[in-house]
Amino acid sequence: MTFKTKVFAGAVALATTALVATASFADTVKVGFIGSLSSDTGLSTLRGAEIAIEELNAGGGVLGGKTIQLVSADTGEDPTEGIKAYEYLAESEEVDFIISGSIDDVSLGWLPRMVEYQIPTLDTWTSYVGIIDNLVNDYENYKPYFMNIASDEALATLYIDFGKDVLVDQMGWTSVVILQEDTAFGGAIHGLVAEALAPVAGIEVKETIVYDIATVDFAPLFSRAQASGADFIYLISSVNSQVVSSQYVKLQVPMGMTGVNVAALGQEYWEDTGGAGGGISTLSPVPSVGFELDPASQALVDTYQAKYDTRPKFPHFNGFNAYHGLKQAFAAAEEAGGFNNTSWVDAMLKQDLVLEKDGEMWLRYAFWQPGEVEERTQRTYPHNVRFDITAPYDDGSPSMVVVQWNEDGTAGVVYPDKFKTQDFGIPSWVKK
Amino acid sequence: MLQILIQGMLLSGLYALIAVGFTLIFSVGRVLNLAYGASLMVGGYTFFYTAQVLSMPKPVGVLLAILVGALFGFLKYRLLVKPLKGDHVAIEISTLILAVVIQAGIILVFGDASKILHSIVDGVWQFGTVSVTANNIAAAMGSWVLIIGLYLFIRKTHIGRAMQAVSMDQKGAAISGVEPDKVNAATWVISGALGAAAGVFFASYTQLSPSMWVAPLIIAVAIVIVGGIGSIIGTLIVAHIIGFMEIITTTLVAAELRGVFTMVLIIAVLVIRPRGLFGREEL
């Protein structure tokens, strides 16, 4: 072969490769995952999305037979890294749709980028109602954004009911000391507790103790909590929650403790606390640990557990959200002819998946429409998952349930009654 | 007040053990071992694996952790410190990088999530209105046993006196027949063992996580800067100052400011008394 022939053959091969690659890209729809690749939270969303994508691809593809390709961008649960991750997905990968397992602070970081790039984006973990308020105030710019977990205001509203029905009426607790981590999440939940739970449920806030998230020795804080004279501790912890939980148990703090404890949301909580996690209760979005599953959710769990043998061994609630949310996003894309802005948004708003258990609505994946007013709070939640915060919870999923870990390592739902699997209790070392 | 006294004593004992292994290296070898926090991590995870995963008896877990820590210290010296032949900057950078590599290895093997160690000793002790876990009391007492043991070792044994000699004047010690290389190796082994023991105690007090090497390293650096780099007595005293300051801040001022006053103290000492409050560089 002469040199000229070699060059020609090389050029032909290159051109062929380029054509194949181009054809391959044209036959692909890109989904971007944004979240932490090393946290249970991030991995739950990622894996839920992976299972949904495998099923869609196995079913013949989407949008006329195209294959979905998933690309990931790690946020490391850091807002700055989150911004870079979003930019990477938008600019380098040019994704069509983004599914997020970001925590609140990270979502708030990349949200302006979403407004800039206008890429349809679904958040599965972040519940910050301030993001929904952005849609209320500036719908045109924020409309590619959807959140398929109940916003924290809805979480708090139902939690107030738990406060009244269980903490006050059943337990007789009327005063609280709030133990709050020093984060945006902690501040937001504290506001809801101090301004809503306490006055509405008739609970006096004796003291608020704010601690740094690097705190590893909680003994002085529990001593302060005891000295406050409050009936119980309300914990707000999303970072390293297993530390405060295990020290509560190891120190046998003689007060009940409930609240928001993110570590207790996962099945690994018991292992992570070295078995020192009994008695801890937390509000949780659904499906939670101890939550009875409908057949469709159980099928997802079975697939998940057959596919993954590393933690999290059971998907967190956002894994379910990612699985159903991604399928809904593609169903909307099929109707809209792709992820082009307005028509996809309109189609996404029509999505409505009802999951039944024993003939009654158990979970629902639908969205609040722009301008639609939620009866109890008398406000709108555009593009937030359609939650129901009034018994008998037959218009949507409950915004939250309260789960409690027992001293034998089991966990169950203690509120609301429709989903309850056990009674709320106090640890054995706490006097009634 | 009782609460501050008890919790301050317990925390300070632990801090003293954490810092003393770090200052030992500087006293003898004149280098900052920035992988010292990794020794704590190695100790903590060894205990976790042996006592919690393999369900071996806890004393065996502690012993194995100390042995692995000693081996880790020896390997650091032979593979990193000795080949760099006294280039302090290179040693400090490479030990820091080593800590990051160890962290990545821990994540690979044990995952990213934090873990809580089973208590070394179970139970809760009540002092008036103050609850203290038996584990924390055991950790503080264990720390003091090791510190006193180290003191006696340095004062009473041949190798300990050789370490003193090298810390005062390496060349002079060599002329007197002391082999600085062996003394340095022994120092790194002892420091590794102390760090691993501190890691078990610290993790049982707090938590086990792949980033757990950072906080103890900061504590150790803070204590030895304020105490005087290389001064063991200064280290012990300042460990108590910082331990009590943290408890007082948390209890009486604001919990989120726990570490702030420590940092302010470091800056103040660096400005007013750069050699530290007890500035000595020999054992």
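Across all chains of this predicted model, a search of the whole structure finds 23 salt bridges (a side-chain nitrogen of Lys or Arg within 4 Å of a carboxyl oxygen of Asp or Glu). Side chains of opposite charge can pair when their charged atoms come close.

Select Arg379(A) and Glu153(A) next. These residues form a salt bridge whose closest N and O atoms are 3.7 Å apart. The pair links distant parts of the chain, 226 residues apart: Arg379(A) belongs to strand 14 (residues 379–380) of chain A and Glu153(A) to helix 7 (residues 152–168) of chain A. Helices (H or I, at least four residues) and strands (E, at least two) are DSSP runs, numbered from the N terminus.

Residues are numbered from 1 along each chain as its sequence is written, while chains are lettered from A and ligands numbered from 1 in the order in which they are written. Local features need pLDDT of at least 70, side-chain atom pairs count only at pLDDT 80 or more, and totals for chains, interfaces and linings use all residues; side-chain values use heavy atoms, with hydrogens and water left out.

Remain in chain A and display the backbone. The peptide bond from Val286(A) to Pro287(A) is cis, with omega near -10°; Pro287(A) sits in the loop between strand 10 (281–284) and helix 12 (295–307) of chain A. A cis peptide bond also joins Arg311(A) and Pro312(A), with omega about 0°, and Pro312(A) is in the loop between helix 12 and helix 13 (317–336) of chain A. Then select Asp358(A), a residue other than glycine with a positive phi, near 50°. Asp358(A) lies in the loop between strand 11 (352–357) and strand 12 (360–366) of chain A.

Now show both chains. The contact (heavy atoms within 4.5 Å) takes 29 residues from chain B and 28 residues from chain A. Together the chains bury about 2300 Å², 50% of it on carbon and sulfur atoms; buried area is the accessible area (1.4 Å probe) that two parts lose on being put together, summed over both. Between chain B and chain A the count of salt bridges is zero. On the side of chain B that touches chain A, helix 1 (2–29), strand 2 (130–133), helix 8 (180–205) and helix 10 (232–253) of chain B each supply at least two residues.

Finally, select Val260(B), which lies in helix 11 of chain B.
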